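Work through the exercises below with the sequence and the model side by side. Try each task before reading its solution.

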Amino acid sequence: MGAVAKGTRKTKNRSTAPEQGETGPVPGIFPIDTGTCELVRDQYSDTGWIVQINGVPSSHIDLADPKILDFEYMRWIAHLVDSERSRTERLRVLHLGGGACSMARYFAATYPDARQVVVEIDGALTELVRNWFDLPRAPLLRIRVGEARAVTETLTESTRDIIIRDVFAGSKTPVPLTTAQFTAHVRRVLAPGGIYLVNCGDTPDLQGARAEAATIGAHFEHLAIIADPAMLKGRRYGNMIIAGSDVPIANSPALARELLGGGVPAHVWGDAEVRKFAASGSVLQD
């Protein structure tokens, strides 16, 4: 589930809503294992729905088009992966934090041969989103109920091409998912050439982001950061994407151009800039 800062969205009405079946989405507040889930219609889209967890916008789903990602940081993730991977590749994707599976729907639509696992701690939430939204079924998409670190530690070496960490408790990622010890498990599970991407929410002092970048940089040879300029300059609270890999990433001019589009134009930093940014951060430990 994502952080409160991830609610930056487009406001364009996009399409006409199809009729829903008995198990389709219905506005309301529903009890889940970790509190409450509220399902709200998107006022800007006839086919859009917003999932709020304990009052915080967590996911957006467009029933008509899974390629529509309303949250800016999700588009940044998609742009980075798309710049590095072929659409014909059979990607193996691990999502740590599921929410309504917005990113998993996107990858299923754009990488038809992808095999994905979503790890979500809230079992009741997973049942709701399966009933509400048209999610791919196994083996294309498996939803595994469990705690993200515990599940990651059980996975086989070199079995994932992409790992996305998007886990929040309120506005913060649980500490056990940010440490060097956890990052070592992520590196072990990633196949050569794989990419680790984290959604990092932080305050303007950026101390948390610097520490996360330092920690990821201690395990990966190549780093990248994507964020809007105000966030990078420490002018506001928000989200940035920090990525690590054992191969160079985020060097494509096309990626830089793509990131300048959308409701919130973003910049991309390469390895040297990220390591300079992380120089004052301390590697996080269990």
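## Exercise 1: The chain as a whole

Of the contacts in the protein chain between residues at least 6 apart in sequence, 72% join residues at least 24 apart. The model is a predicted one.

Task: Decide what the radius of gyration says about the protein chain, and describe its secondary structure, surface and charges.

Solution.

Step 1. A compact globule with 286 residues would have a radius of gyration near 19 Å; the protein chain has 18 Å, so the value agrees with a compact globule.

Step 2. Along the principal axes, the C-alpha atoms of the protein chain fill a box of roughly 55 × 40 × 40 Å.

Step 3. Nine helices and 12 strands make up the secondary structure of the protein chain.

Step 4. Of the 286 residues, 53% count as buried. The accessible surface of the protein chain is about 11900 Å², and 52% of it belongs to carbon and sulfur atoms.

Step 5. There are 31 positive and 33 negative side chains in the protein chain. The centres of these two sets lie 3 Å apart.

## Exercise 2: Cysteines

Task: Count the disulfides and explain the result for Cys101. Then describe the surroundings of Cys200.

Solution.

Step 1. A disulfide is a covalent bond between the sulfur atoms of two cysteines. The cut-off to apply is that the two sulfur atoms lie within 2.5 Å.

Step 2. For Cys101, the closest cysteine sulfur is that of Cys37, at 12 Å, which is too far for a bond. By this rule the count comes to zero disulfides.

Step 3. Cys101 is buried, its relative accessible area being 3%. Cys200 is buried as well, at 2%.

Step 4. Cys200 is found in strand E9. Leaving aside neighbours within four places in sequence, Cys200 is in contact with Arg165, Ala209, Glu212, Gly238, Asn239, Met240 and Ile242.

Step 5. Thr173 is 27 residues from Cys200 in sequence, and their C-alpha atoms are 7.6 Å apart.

## Exercise 3: Helices H5 and H6

Task: State which residues of H5 and H6 are buried and which elements they pack against.

Solution.

Step 1. Helix H5 spans residues 180-189, and its buried residues are Ala180, Phe182, Thr183, Val186 and Val189.

Step 2. The cover over the buried residues of H5 includes strands E5 (92-96), E8 (160-165) and E9 (190-202), together with helices H4 (148-154) and H6 (207-217).

Step 3. In H6, eight of the 11 residues are buried, so this helix is largely enclosed by the rest of the structure. The buried residues are Ala209, Ala211, Glu212, Ala213, Ala214, Thr215, Ile216 and Gly217.

Step 4. These buried residues of H6 pack against E8, H5, E9, strand E10 (222-227), E11 and helix H9 (271-278).

## Exercise 4: A residue in strand E11

Task: Is Ile241 buried or exposed, and which residues is it in contact with?

Solution.

Step 1. Ile241 is found in strand E11, residues 238-245.

Step 2. With a relative accessible area of 1%, Ile241 is buried, the cut-off for buried being under 20%.

Step 3. Apart from neighbours within four places in sequence, Ile241 is in contact with Tyr73, Trp76, Ile77, Leu197, Val198, Asn199, Ala224, Ile225 and Ile226.

Step 4. Ala213 is 28 residues from Ile241 along the chain, with 9.9 Å between the C-alpha atoms.

## Exercise 5: Backbone details in loops

Task: Locate the cis peptide bond that involves Pro139, and describe the backbone and exposure of Asn54 and Ser158.

Solution.

Step 1. The cis peptide bond joins Ala138 and Pro139, with omega about 5°. Pro139 is placed in the loop between helix H3 (123-132) and strand E7 (141-145).

Step 2. Asn54 is not a glycine, yet has a positive phi of about 50°. Asn54 lies in the loop between strand E3 (48-53) and strand E4 (56-62). Its relative accessibility is 44%, so Asn54 counts as partly exposed.

Step 3. Ser158, also a residue other than glycine, has a positive phi near 55°. Ser158 lies in the loop between H4 and E8. A relative accessible area of 30% makes Ser158 partly exposed.

Terms used: Residues numbered from 1 in each chain as written. Predicted model: local features only at pLDDT ≥ 70, side-chain atom pairs only at ≥ 80, totals over all residues. Heavy atoms only, no water. Buried < 20%, exposed > 50% of the residue type's maximum accessible area, 1.4 Å probe, protein only. Helix = DSSP H or I, 4+ residues; strand = E, 2+ residues; numbered from the N terminus. Contact = heavy atoms within 4.5 Å. Rg over C-alpha atoms; globule rule 2.2 N^0.38 Å. Areas by Shrake-Rupley, 256 points an atom, 1.4 Å probe, with all protein chains shown as cover. Lys, Arg positive; Asp, Glu negative; His and termini not counted. Charge placed at Lys NZ, Arg CZ, Asp CG, Glu CD.
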